[in-house]
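Here are a few exercises to work through with the model open in your viewer. Try each task before you read its solution.

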Amino acid sequence: MNAGIIGLGKYVPEKIVTNFDLEQILDTNDEWIRTRTGIEERRIARDDENTSHLALEAAKQALADANITADQIGLILVATVTPDQSFPSVACQLQEYLGAVNASAMDVSAACSGFIYGLATAKQFVESKSYKYVLVVGAEKLSKITDWTDRNTAVLFGDGACAAVIGEVSEGRGILSFELGADGTGGKHLYLNERDAISMNGREVFKFAVRQMGESAVSVLGKAGLSKEDVDFLIPHQANIRIMEASRERLELPEEKLSKRIHKYGNTSSASIGIALKDELDAGKIKDDDIIVLVGFGGGLTWGATVIKWGK
């Protein structure tokens with residue numbers, strides 16, 4: 001049997017913070033942010049809107065899209081670095097909110113690669129027939145760990161959530177291959193500092209991401225027995241437009257085959273790939289039997305990639 005995405009959802013908060021808004025509080029400007037990152041605006045959650053609330057809204061959409069009920073879920077995986085608290089996990093909170101009474105639940109901590117880690121984990125459980133349906137969520141409230149006085153990082157991040165129901169799909173479709181990786185020696189380049197704020201060595205992270213995203217995308221295609229020419233659409237982690245373009249160039253794809261949603265949401269960490277996937281589906285850019293590559297990197301340092309033949 002093959003496991004794949006049978007339901008998808010996303011949620012972003014209502015509040016929009018533009019580059020021009022940030023000009024009022026930081027020594028920066030819209031042109032600088034756009035040319036270096038590709039970001040024009042980002043969504044910021046309300047004070048009373050936590051990661052678990054973002055996750056809930058995306059999860060409800062995914063369940064409806066999959067046409068299943070919460071009590072059919074066997075496992076909930078929530079990828080996040082911004083849990084409401086250390087414990088209980090966001091996954092356990094989500095289980096309660098949804099009424100998913102038959103689901104086990106745990107959080108996945110792989111930073112921006114977390115959604116890919118979740119998909120790869122869900123694939124194993126579904127294909128081994130341990131669970132019929134696994135709910136994978138990427139949810140972040142990065143605004144609560146952003147240092148709004150640091151112009152190097154404050155312009156980058158936003159809040160949001162994505163969710164996918166993983167279940168059995170028709171022969172030949174679904175998650176064809178995946179690659180997960182980590183390099184703990186690079187953890188010092190992107191981490192949560194003693195003030196509970198994101199600290200990043202942008203130059204080192206950029207070099208790592210440009211190299212690793214391209215390598216992982218090529219490698220995961222090889223594992224699926226496919227080549228660059230087979231790719232219909234690339235959905236990279238929406239962190240920086242220059243990094244995203246580098247991964248597109250590595251696969252020798254035309255611009256129209258690259259998902260670019262960073263201008264609307266900024267970097268939403270574990271939520272970014274799923275949010276972009278949902279947007280591109282809604283825009284009609286992904287069709288049944290298309291070969292799509294999802295690839296990301298994150299703090300840890302971590303990386304992950306997967307090849308999916310789209311469709312149920």
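Buried means under 20% relative accessible area, exposed means over 50%, and partly exposed is in between, all with a 1.4 Å probe and protein chains only. The model is predicted, so local features need pLDDT of at least 70 and side-chain atom pairs pLDDT 80 or more, while totals for chains, interfaces and linings use all residues. Numbering runs from 1 along each chain as its sequence is written, and side-chain values use heavy atoms, leaving out hydrogens and water.

**Exercise 1.** Work out whether Ile286 is buried or exposed, and what it touches.

*Solution.* Start with the location: Ile286 sits in the loop between α10 (272-282) and β12. (Helices are DSSP runs of H or I with at least four residues, strands are E runs of at least two, and both are numbered from the N terminus.) Next, the relative accessible area of Ile286 is 7%, so this residue is buried. Now list the contacts, meaning heavy atoms within 4.5 Å. Skipping residues up to four places away in sequence, Ile286 touches Phe233, Ile235, Leu277, Glu280, Leu281, Ile292 and Trp310. Finally, take Trp310: it is 24 residues from Ile286 in sequence, yet their C-alpha atoms are 7.8 Å apart.

**Exercise 2.** Find which residues touch the most other members of the largest nonpolar core.

*Solution.* First, the rule: a nonpolar core is a set of buried Ala, Val, Leu, Ile, Met, Phe, Trp, Tyr and Cys residues joined through side-chain atoms within 4.5 Å. The largest one has 39 residues, and Leu234, Val293 and Phe297 touch the most other members. Then see who contributes: α7 (202-223), α8 (241-250), β12 (291-298) and β13 (302-309) each supply at least two residues, and α7 gives the most, with seven. Apart from this core there's another, of 34 residues, including Ile5, Val136, Ala164 and Tyr265.

**Exercise 3.** Sum up the whole chain: how many helices and strands does it have?

*Solution.* Count 10 helices and 13 strands. The radius of gyration (over C-alpha atoms) is 18 Å, close to the 20 Å from the globule rule (2.2 Å times the number of residues to the power 0.38) for 312 residues, so the chain is as compact as a globular protein of that length. As for burial, 59% of the 312 residues are buried.
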